[in-house]
Amino acid sequence: MLRVSVLAYPGMSVFETGIVTEVFGLPRPELSVPWYDLVVCAPSADPVPVIGGAQLHTPHGLDAFAAADTVIVPGVAGVHGDPPAAVLDALRHAHARGARILSICSGAFALAAAGLLDGRRATTHWRYAEVFRRRFPAVDLDPDVLYIADGPVWTSAGSAAGLDLCLHVVRCDHGAAIANAVARRLVVQPHRDGGQAQFIESPMPPAAEDDRIAASITWALEHLAEPMTVEGLAARAHMSPRTYLRHFARATGTSPIRWLIRQRVQASLALLETSDEPVERIAAAVGFETPVTFRHHFTGVMRTSPSAYRNAFRARVALG
């Protein structure tokens, strides 16, 4: 079992910790894979006050926090100061011994304060982006994405993006089919396209436009293998192509073509993981015109080739 630790800190919201608990803490014997062993840790033996007047008690301290295979910081008490030195030391120790280290929302400030993000790409909640840049100029901050995995240090945006990141961990550890099963049990999307730019304070499109965009997206997901154009999708939404492009970007944070490419790449993952079909057939099955186009877009999305992804996934399965 892979041990996961999550830090409890004074003044925390239990939502972010609840995300971690829901994904890694609940037993899932129906999935028939070794699941995670979760421990909630605190900097001291004192009760941890949380938002709402409750207190959290845990027997696990920073030694257990640093000793886990995956170490998660779900936030910080404040973005203008550093967490306690003992917490930063625990993060550095976990990093030195090769742990995978994650942050949710403002938790990126703790990772940066420990020096773990210097020279790396990272993200945090869009509201904290300017403060983060001023405090940690050595970090390559990208506030437009939901999460970033840079080597062993992974960061996510606002609170709910922590769920996207946790599901990504499951995907990397156990494959797309298991991650999709967990997402279905949580009644969430296995993968959200676009980035947090779509959530930055801006007017929401009227419901009728949302419904038309949603209907066209549903149709596209059901017909990924078929040729598609913006004009065709716009016609299904009863919009002009120009209007469709504008409302699609407002609803999803990306363009129809970029969205479609990512959905087709995502659809190919399960085929690469569970079948011996040649890459050429998989490319056709998910709607890419040629294997060359498939390899190009797959590499752009996944940062590896389809063959390398298949080999790496099967190596993980063999080791597991």
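Reply: Contact here means heavy atoms within 4.5 Å. With that in hand, take His168. Leaving aside neighbours within four places in sequence, His168 is in contact with Tyr147, Ala149 and Trp154.

This is a predicted model: local features need pLDDT of at least 70, side-chain atom pairs count only at pLDDT 80 or more, and totals for chains, interfaces and linings use all residues. Residues are numbered from 1 along each chain as its sequence is written, and side-chain values use heavy atoms, with hydrogens and water left out.

Where does His168 sit? His168 lies in helix H6, residues 161-174. Helices (H or I, at least four residues) and strands (E, at least two) are DSSP runs, numbered from the N terminus.

Is His168 buried or exposed? His168 has a relative accessible area of 18%. Buried means under 20%, exposed over 50%, and partly exposed in between, with a 1.4 Å probe and protein chains only. His168 therefore counts as buried.

Now the wider setting. Buried residues make up 48% of the 320 residues in the chain. The chain has 14 helices and 10 strands. Of its contacts between residues at least 6 apart in sequence, 63% join residues at least 24 apart.

Last, the overall form. The C-alpha trace spans about 60 × 50 × 35 Å along its principal axes. The radius of gyration, taken over C-alpha atoms, is 21 Å. The globule rule is 2.2 Å times the number of residues to the power 0.38. For 320 residues, a compact globule would come near 20 Å, so the chain agrees.
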